[in-house]
Amino acid sequence: MTHATLLGAGDYTENRHPDDFLVRWSDGEVSMYPDADETGLNREITLVYPPA
């Protein structure tokens with residue numbers, strides 16, 4: 001995650017497991033990776049798109 005400026009891990013979804021990651025990227029985009037596990041981050045949800 002070379003361009004990550006802030007990382008946060010915790011329980012941000014309804015599954016009651018602290019297996020979610022929030023990332024703020026250097027271009028201003030904010031992504032959430034819910035339900036990460038031993039296979040990886042699995043999927044990305046963009047919460048804030050970078051400025052145009």
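1. Leu6 has a relative accessible area of 47% and is therefore partly exposed. The cut-offs are under 20% for buried and over 50% for exposed, with partly exposed in between (1.4 Å probe, protein chains only). Leu6 belongs to strand E1, residues 4-10. Strands are DSSP runs of at least two residues (E), numbered from the N terminus.

2. This is a predicted model: local features need pLDDT of at least 70, side-chain atom pairs count only at pLDDT 80 or more, and totals for chains, interfaces and linings use all residues. Residues are numbered from 1 along each chain as its sequence is written, and side-chain values use heavy atoms, with hydrogens and water left out.

3. Which residues does Leu6 contact, leaving aside neighbours within four places in sequence? They are Leu22, Val23 and Arg24. Contact means heavy atoms within 4.5 Å. Leu6 and Arg24 are 18 residues apart along the chain, with 5.1 Å between their C-alpha atoms.

4. Asp35 sits in the loop between strand E3 (30-33) and strand E4 (45-48). Asp35 counts as partly exposed because its relative accessibility is 30%.

5. Beyond neighbours within four places in sequence, Asp35 touches Thr13, Asn15, Asp19, Asp20 and Asn42. The C-alpha atoms of Asp35 and Thr13 are 8.2 Å apart. Along the chain, 22 residues separate this pair.

Notes. Helix = DSSP H or I, 4+ residues; strand = E, 2+ residues; numbered from the N terminus.
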